[in-house]
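Please keep the structure in view while reading.

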Amino acid sequence: MKRTLAGLVCTCVVLAGAALAQQGLEDVQIRAEKIRGNVYALISDRAGNIGASVGEDGILIIDDKFAPLADKIRAALAGIGQGPLKFVLNTHWHGDHTGGNVVFGKQAPIIAHTNVRKRLAEGSAARNVRPAPKEALPVITFDESLSVHFNGEEIKAFHIPHGHTDGDIVLLFTKSNVAHLGDDFFAGRFPFVDIDSGGSVRGLIRGIAHLLEQLPDDVAIIPGHGPVSTKENLREYYTMLVETTEHVRKQMEEGKSLDAILQAGVPERWKSWAWNFINEERWIRIIHRSLTGQRLDFPVPRGRDGHGHPHPH
Ligand SMILES: [Zn+2]
């Protein structure tokens, strides 16, 4: 199994707790990248990608990384435009996408799926995530879809049921022709599917199939993690999801043990999609568990910033 050592190191860092994690954040650099029209992405090696609409109505952001990065996020936004922050959207509840809510929620209303508010409000004892304070909670919630009319375009938000979690939304900037897919899309790498938060590998596959039908062919896509991508990149990700899941499913059907399936690995074509957090072994375990409903037998990363952070990035 490739990258086992990197995986171990990563797990240790993830489990080491808030103090160490926030030390690590001091060196994080946030790069603002203009995508199209009014839309920008704020990209960093650590934490989820932010999408931003900046224009005459002010600023709208999608996700807000970790609270300790708030000053760097502000500085990156100031480099793009001077307007006031008007809206914050959360693609899902994980702390590397909502940690900054505690700061930005004081300035602008937070919009998210119903289950994001519920999970943030409850926290997770199993994952050592404390309930979020009131100012970090979404104040506008929805179940299926919602539009924000801002900076000269309709920004459509759709719920993807049981993908990465049970509270995922994807956003489409209809005029700028840019989408933000949150963690339903890990560009060029195996995704984390948070089964304990209502995520499902099959649900994710269905969700991506739906997006491939619905999104314009020339859309620019901001993934939850990784570089800004094309629909072709999303199609390849979909093929990876389908082929690796089918590979595991067939072996399960043949009565192979999990150990034997792990031994077989993923098809050669997809081995390079392993990375330090979700290596080949973990991806197979996630698929296996999602198909059987069993517990994952590797430790689920615990919160590291006080607001829940299942990812090292
Ligand atoms: Zn996530």
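Strands and helices are DSSP runs numbered from the N terminus, a helix being H or I with at least four residues and a strand being E with at least two, and two strands pair if DSSP finds at least two bridges between them. The structure is a predicted model, in which local features need pLDDT of at least 70 and side-chain atom pairs count only at pLDDT 80 or more, while totals for chains, interfaces and linings use all residues. Residues are numbered from 1 along each chain as its sequence is written.

β2 and β3 belong to an open sheet of 7 strands in the order β1-β2-β3-β4-β5-β6-β7, and the pairing in this sheet is mixed. Because β1 (31-36) and β7 (140-142) stand at the edges with a single partner strand each, one side of each is left without a neighbour in the sheet. Neighbouring strands here are turned by 20° against each other on average, direction ignored; axes are lines fitted to C-alpha atoms, for helices over the stretch in contact, and angles run from 0 to 180 degrees between N-to-C directions.

## The five-stranded sheet

Another open sheet has 5 strands in the order β8-β9-β10-β11-β12, again with mixed pairing. Its edges are β8 (145-150) and β12 (220-222), each with a single partner strand, so one side of each has no neighbour in the sheet. Strand β9 (residues 153-160) runs antiparallel to β10, with 6 bridges between them, and Ile-160 has Asp-168 as its bridge partner in β10.

β10 and β11 run antiparallel and share 3 bridges, and they form a hairpin with 4 residues between them, where Asn-177 in the turn has a positive phi of about 65°. Is strand β10 (residues 168-173) mostly covered or mostly open? It is mostly covered, since 6 of its 6 residues are buried, a residue being buried if 20 or more other C-beta atoms, placed from the backbone, lie within 10 Å of its own, exposed if 12 or fewer do, and partly exposed in between. Asp-168, Val-170 and Leu-172 point one way from β10, whereas Ile-169, Leu-171 and Phe-173 point the other way. In a regular strand the side chains alternate between the two faces of the sheet.

## Helix packing

The axes of helix α7 (residues 201-214) and helix α8 (residues 231-253) come within 10 Å and cross at roughly 150°.
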